[in-house]
Amino acid sequence: MKLMLERFQNSRNALGWAFMLPAAVLLLLFLTYPLGLGTWLGFTDAKIGRPGEFIGLENFSFLITDSVTQLALFNTLFYTIVASILKFGLGLWLAILLNKNLPFKTFFRAVVLLPWIVPTALSAIAFWWIYDSQFSVISWVLMRFGLIDTYIDFLGDPWNARFSTIFANVWRGIPFVAISLLAGLQTISPSYYEASAIDGATPWQQFRHVTLPLLTPIIAVVMTFSVLFTFTDFQLIYVLTRGGPLNATHLMATLAFQRAISGGALAEGAAIATLMVPFLLAAIMFSYFGLQRRAWQQGGDK
Amino acid sequence: MSAQEKDGASGMDYLQSMPRRWVTMYIPIGIFVFVLLFPFYWMVVTSLKPDAELLSRTGNPFWIIKPTLAHFEKLLFRTEYPAWLWNTILVSVVATVISLAASVLAAYAIERLRFQGAKPAGGAIFLAYLVPPSILFIPLAAIVVKLGLFDSRLALILTYPTFLIPFSTWLLMGYFRSIPYELEECALIDGANRWQILVKIVLPLAVPGLISAGIFAFTLSWNEFIYALTFVSSSESKTVPVGVVTELVEGDVYHWGPLMAGALLGSLPVAFVYSFFVEYYVSGMTGSVKE
C-alpha cells in the first residue's frame, strides 16, 4: 500500500490528472455538458417540464423567418458594434490620460474602475432612475439651460432606448478597456518616444507610429473580450427595458431568456442561444488571426 | 515599474504649457471622472431623499433639503433584503473557496507537473473562459432542475465555478510560472513530495496571485445575475442583485428610494473589498491581460 502511494506521488501523469480532477469534474458537468445539451435542445421541441423530441431544423427555420428574432439580431449587432467602437475610442483616450503625470494619479486609477466593480444590475437601476421619463436629472438640466421643451422619453422611444442602453453599457465597459490598455502603455519603453521626438515627430505621429503598433496585441485581446461581453449582454437590458419598447432593445440573450424561461419554450430559447455561437466564434477567430499576423510582421514567435 | 513610471512615457510633459495641459489633460479627465462617478452620487442622493423631494420637479435635484434614512429602514426591516445579503455572502464565499481550491490544483498541475496532456488541458481551460453564461443558462436550468437543485443556493454554488475556475486557473498559472524551478528542485532533493511542495513552497510564494484571484472570484460571484435570476425563484433564496431588481418593484409603482438604497448597499461590499486590495486587483487584471 505504501509503495503504491509512493509510486502514485512520483508519477507525473497520475498526480497531474488527480490534481486536475476537481476542476475537470465541475467544468465537464456544468460547462461542457450543458454546452452540448443546449445545442441538442435547439433541435428538439422541449418545453419546461417536458422532455422534447428531435424535430430537426424546425426551430431554426422558424426563427429565421421570425421578425422579432431578426430584430433582436439586428439590435445585438448594432449594440455590439456601436458600443465596442465607443468603448475602444474612449477607453484608449482615458488610458493615455491616466498614463500621464497627473496629480492624484493612483486615486484616479482606483476610482475609474468603480463602474466595472459594482454589480451591473445595481448600477443599471441607477441608470433606470437617471433615464426616468418624468424625473430624469438629465432632462432637468437640459430644461434649465433651455435646450429642450419637454422631458426626454429615454427608454420609451425605440431609438432613444437603443442609445440610452448603449450609453450605460459603454459607461460600464470603459474602465476595463482603459485599465487594461494602461497596463499595455506602461510596457512601452520611453526611449521610443525620445527617439521619435528627436527625429521631429509630432504627438499625433508618435501616437500613430509608436503607441498604436506596439499596443496592437493587447488591443486585440481586450477588444475580443469586450466584444464577447457586449454581444452576450443580458443584465443591463433586462433591468432597463426588458427588451422593450416594441422589442427595440431585445438582444439575443434577453430574447432567449424571454422565450425559454418566461415563456416556457425551452427548445426555442436554446436555439436562439445557439444562433449566437457562430458570431462569437467569428469574433474570436478574427482577433486570433489578427494577433498572429501581427506577431508574424514583427518577426516574433510569441 | 515605478522608476519607469516616474520618468516614463510622459517624461517630456514639462514641454507643454499650462493652458495646453488644461485643455488636453485636466478637462477631459475631469469629464471622464464626473461621468463615471455620477451614477454613484445619484444613488446616494436618491437613497437619502424623502419621497416628497424625489417626486418634485421644482427644487434643485442635486441636493437634499431634508435627508432621511426612511428608505434604508424600509429596506432593512420591511423587505427580505437582509436574507438576500446573507445569501449573496454565503454563495460568493463558498463558490470562491471551491473555485480557488480547484484552480490552485489545476494550475499547479498544468504549469508545474506538466503531465501528458497538460498543454491541451491549459488550452481547454482558456476556451472555457470564452464560453459566456448567456448561452449556458438554458441547458443549465434543465440540469439544475433534473438534479433537484432548483430554487436552492446550492444550485448557484455549484454553477458559479464554471466561470470562476477558468478565470482563476488562468491567472494562477501566470503566477506559478514566475516561481523559479530551483526552489522546487531543492525541496524535492530534501525529500518533500509534490503535495508538500505545493503547500509549503509554491502557495506561500503565490499569495499575491491567490489574493487577486480570490477578489476577482468574489466580485464576479457577487455581481452574477443571469444564473441567480434563472435558478432561484422564491424570494428567500435570492441574491441581492436579483432580489433588488425583481422584488422591490411592485407593479408600476417604483419605490425609487428603497431601490437606490438597495443598489447602494449591494454595491458597498464589493467596493469596500476592492478598495483594500486595489493594488492586487489592478496588477491581477493587467497580469491576466498581458498573457
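Ala72(A) touches Asn247(A), His250(A), Leu251(A), Met252(A) and Leu255(A), with residues up to four places away in sequence left out. Two residues count as in contact if their C-beta atoms, placed from the backbone, lie within 7 Å. The model is predicted: local features need pLDDT of at least 70, side-chain atom pairs count only at pLDDT 80 or more, and totals for chains, interfaces and linings use all residues. Residues are numbered from 1 along each chain as its sequence is written, while chains are lettered from A and ligands numbered from 1 in the order in which they are written.

Ala72(A) lies in helix 4 (residues 67–98) of chain A. Helices (H or I, at least four residues) and strands (E, at least two) are DSSP runs, numbered from the N terminus. Ala72(A) is buried, because 26 other C-beta atoms lie within 10 Å. A residue is buried if 20 or more other C-beta atoms lie within 10 Å of its own, exposed if 12 or fewer, and partly exposed in between; the C-beta atoms are placed from the backbone. Ala253(A) is 181 residues away from Ala72(A) along the chain, yet their C-alpha atoms are separated by 9.0 Å.

Chain A as a whole holds 14 helices and zero strands. Buried residues account for 42% of its 302 residues. Of the contacts in chain A between residues at least 6 apart in sequence, 68% join residues at least 24 apart. The radius of gyration of chain A is 24 Å, whereas a compact globule of 302 residues would have one near 19 Å. This radius is taken over C-alpha atoms, and the globule rule is 2.2 Å times the number of residues to the power 0.38. Along the principal axes, the C-alpha atoms of chain A fill a box of roughly 75 × 70 × 35 Å.

The contact between the chains takes 76 residues from chain A and 84 residues from chain B. On the side of chain B that touches chain A, helix 2 (residues 18–48) of chain B gives the most, with 13 residues. That side divides into 59 nonpolar, 18 polar and seven charged residues. Ala, Val, Leu, Ile, Met, Phe, Trp, Tyr, Cys and Pro count as nonpolar, Asp, Glu, Lys and Arg as charged, and the others, Gly among them, as polar.

Within chain B, Ser237(B) sits in the loop between helix 13 (226–231) and helix 14 (240–247). Ser237(B) is buried, since 22 other C-beta atoms lie within 10 Å. Neighbours within four places in sequence aside, Ser237(B) is in contact with Asn87(B), Asp151(B), Ser152(B), Arg153(B) and Val232(B). The C-alpha atoms of Ser237(B) and Trp84(B) are separated by 6.8 Å, with the two residues 153 apart along the chain.
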